[in-house]
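This report describes how the parts of one protein chain are arranged. Please keep the sequence and the structure in view while reading.

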Amino acid sequence: MDGLIDLFLAEKTEQVRVSIPLGEQHKKRLQLMELDIGSNQLTNEGLKSVARFLSLNPPLEYLGLSQNAAVGFTSWCELFDILKDKGAISHLLLDENGLGNEGAKRLADALYVNGSLCKVDLDWNEIGDEGGLALAEALASNPHRSLIHLSLDGNKLSIGVKKELNALIMENNQKSPTLCPS
């Protein structure tokens, strides 16, 4: 496998494989900027493979993982833990994954420290006020203030929590020196 970087995604999700090269010299060859594997019915193992791939810190700017609701909470947590340290991803698409309040809280843990994410889509994830407030706290506490777009359509948020999140995003838009890639 020396030098091989291989991402294989079959139509059936049980066949998601990421081969990761060993050695620092191979990381520089990887130039994948966007990876959208939404609606691919990822399994827990498939998402863990994506997390292992991200641990290499590729120059990936866009990661689309929408509509993979079969993935369990623990696998999402692995991905969110990787996002705490890895700084290339600017746009994260997680619509329709059933993350709920617990998933939102774990993502919020990453948002406390992540300085690269500037767009996050969490539409239709069954997130309520508990998860929304965790996201708001993370936005308010993040020293980078990089998150300038947060989409939460179709969730179970009260008007008050929606207003708080919108105000924080507007504040980030004014304060953030980050130019988010489109």
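With which residue does Arg-52 form a salt bridge? The partner is Glu-45, and the closest N and O atoms of the pair are 3.5 Å apart. The model in which this pair is found is predicted.

## Overall arrangement

The chain contains six helices and seven strands. Their order along the sequence is β-β-α-β-α-β-α-β-α-β-α-β-α. The chain has 182 residues, of which 48% count as buried.

Contacts can also be sorted by the distance along the sequence between the residues involved. Among the contacts in the chain with a separation of 6 or more, 81% are between residues 24 or more positions apart.

## Helices α2 and α3

Two packed helices are described by the angle between their axes and the distance between the axes. For helix α2 (residues 44–54) and α3, the axes cross at roughly 10° and come within 9 Å. An angle under 35 degrees counts as roughly parallel, and therefore α2 is roughly parallel to α3.

On the side of α2, the contact is made by Asn-44, Leu-47, Lys-48, Ala-51 and Leu-54. On the side of α3, Ser-75, Trp-76, Glu-78, Leu-79 and Ile-82 take part. By class, this contact of α2 with α3 has six nonpolar, two polar and two charged residues.

## Helices α3 and α4

Helix α3 (residues 73–85) also packs with helix α4 (residues 100–111), at an angle of about 15° and with the axes 8 Å apart. This angle makes α3 roughly parallel to α4. The two helices cross in a right-handed manner.

Phe-73, Cys-77, Phe-80, Asp-81, Leu-83 and Lys-84 are the residues of α3 that make the contact. Their counterparts in α4 are Glu-102, Gly-103, Arg-106, Leu-107, Asp-109 and Ala-110. The classes represented in this contact of α3 with α4 are six nonpolar, one polar and five charged residues.

## Helices α5 and α6

Helix α5 (residues 129–141) packs with helix α6 (residues 159–175) at an angle of about 20°, and their axes are 10 Å apart. As a result of this angle, α5 is roughly parallel to α6. The crossing of α5 with α6 is left-handed.

In α5, the residues that meet the other helix are Asp-129, Gly-132, Leu-133, Leu-135, Ala-136, Leu-139 and Ala-140. In α6, they are Val-161, Glu-164, Leu-165, Leu-168, Ile-169 and Asn-172. The contact of α5 with α6 comprises nine nonpolar, two polar and two charged residues.

## Salt bridges

How many salt bridges does a search of the whole structure find? The search finds nine, and the pair of Arg-52 and Glu-45 is linked in this way. Arg-52 has a relative accessible area of 38% and is partly exposed. Glu-45 is also in the partly exposed class, at 46% relative accessibility.

In helix α3, Lys-84 and Asp-81 lie three residues apart, about one turn of the helix. Their side chains meet in a salt bridge of 3.5 Å, N to O. Lys-84 is partly exposed at 33% relative accessible area, and Asp-81 is partly exposed at 30%. Asp-81 and Lys-84 belong to a network of salt bridges that also links Arg-106 and Asp-109. Glu-102 is partly exposed, with a relative accessible area of 42%, and Lys-105 is partly exposed at 25% relative accessibility.

## The loop residue Lys-86

Where is Lys-86 found? Lys-86 lies in the loop between α3 and β5 (91–93). With a relative accessible area of 23%, Lys-86 is partly exposed.

Leaving aside residues up to four places away in sequence, Lys-86 touches Leu-54, Ser-55, Asn-57, Asn-114 and Ser-116. The C-alpha atoms of Lys-86 and Leu-117 are separated by 9.9 Å, with the two residues 31 residues apart along the chain.

Terms used
Residues are numbered from 1 along each chain as its sequence is written. This is a predicted model: local features need pLDDT of at least 70, side-chain atom pairs count only at pLDDT 80 or more; totals for chains, interfaces and linings use all residues. Side-chain values use heavy atoms; hydrogens and water are left out. Axes are lines fitted to C-alpha atoms, for helices over the stretch in contact, and angles run from 0 to 180 degrees between N-to-C directions. Helices (H or I, at least four residues) and strands (E, at least two) are DSSP runs, numbered from the N terminus. Angles under 35 degrees count as roughly parallel, over 145 as roughly antiparallel, 65 to 115 as roughly perpendicular and the rest as oblique. A crossing is left-handed if the near helix is turned anticlockwise from the far one by less than a right angle, and right-handed if clockwise. Contact means heavy atoms within 4.5 Å. Ala, Val, Leu, Ile, Met, Phe, Trp, Tyr, Cys and Pro count as nonpolar, Asp, Glu, Lys and Arg as charged, and the others, Gly among them, as polar. A salt bridge is a side-chain nitrogen of Lys or Arg within 4 Å of a carboxyl oxygen of Asp or Glu. Buried means under 20% relative accessible area, exposed over 50%, partly exposed in between (1.4 Å probe, protein chains only).
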